[in-house]
Amino acid sequence: MRFLRDAIIGILVLALVIWIAAYARLRAGALSADEQPGTIERAVAARLVRLSIPADADRRSNPFAADANAWRAAVEHYEDHCATCHGRDGRGQTEMADNMYPKVPNLADARIQAVSDGALFHIIQNGVRWTGMPAWKREHSPDETWRLVSLIRRMPSLTRQEIDALDPSHAAESEKRGDHEHSGSDSSQPRR
């Protein structure tokens with residue numbers, strides 16, 4: 001009996017010490033967005049994102065999946081709403097993205113490409129809490145969102161020439177401002 005009592009007291013004291021240490025760390029700015037989160041925080045956040053997507057989302061399919069050109073209709077919308085963070089090429093190399101934690105996902109990355117169409121649709125429509133990803137369901141119709149999913153699927157093979165050909169005004173603006181890429185940079189958006 002005494003052993004059980006001592007074990008319970010020991011566990012309570014340990015829990016209190018952990019809670020005090022965690023509270024002190026949080027009060028010292030541990031949730032600040034200007035530092036990269038630790039491994040545990042990233043793992044928990046990734047799991048929470050996955051848990052925030054309903055199980056039936058994976059079963060939803062893109063009605064435009066068979067249309068090889070559906071993504072083209074989403075480019076202007078993407079430029080207006082998504083490129084600020086995700087970049088014109090979807091790789092998340094923008095001035096805005098550089099200051100975000102968790103980092104903006106590279107839409108061309110294999111991990112994002114492995115996410116189901118339905119899950120991508122859900123993320124675009126409903127956003128992701130505790131990240132910079134807003135909910136767009138008031139801004140995007142379901143068809144617009146499905147076309148954005150088609151564009152995300154196209155991101156890994158999208159070339160700079162295709163991007164500029166779809167929106168020549170952006171290419172002309174870049175030329176007029178003197179924007180250019182530096183070698184070794186994957187950036188699709190000029191840094192200011």
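**Salt bridges in the predicted model**

A salt bridge joins the side chains of R2 and D6, with an N to O distance of 4.0 Å. The structure is a predicted model. Both R2 and D6 belong to helix α1, which spans residues 2–27, and they are four residues apart, or about one turn of the helix. The two partners fall into separate accessibility classes: R2 has a relative accessibility of 62% and is therefore classed as exposed, whereas D6, at 39%, is classed as partly exposed. The R2 and D6 pair is also part of a network of salt bridges in which R2, R5 and D6 are linked.

Across the whole structure, the search returned seven salt bridges. Among them is a pair formed by D58 and R50, whose closest N and O atoms lie 2.5 Å apart. D58 has a relative accessible area of 35% and is partly exposed. R50 is likewise partly exposed, with a relative accessible area of 36%.

A further salt bridge links R88 with E79, and here the closest N and O atoms are separated by 2.8 Å. With a relative accessible area of 4%, R88 is buried, because the cut-off for that class is under 20%. E79, at 15%, also lies under this cut-off and is therefore buried.

Methods. Residues numbered from 1 in each chain as written. Predicted model: local features only at pLDDT ≥ 70, side-chain atom pairs only at ≥ 80, totals over all residues. Heavy atoms only, no water. Helix = DSSP H or I, 4+ residues; strand = E, 2+ residues; numbered from the N terminus. Buried < 20%, exposed > 50% of the residue type's maximum accessible area, 1.4 Å probe, protein only.
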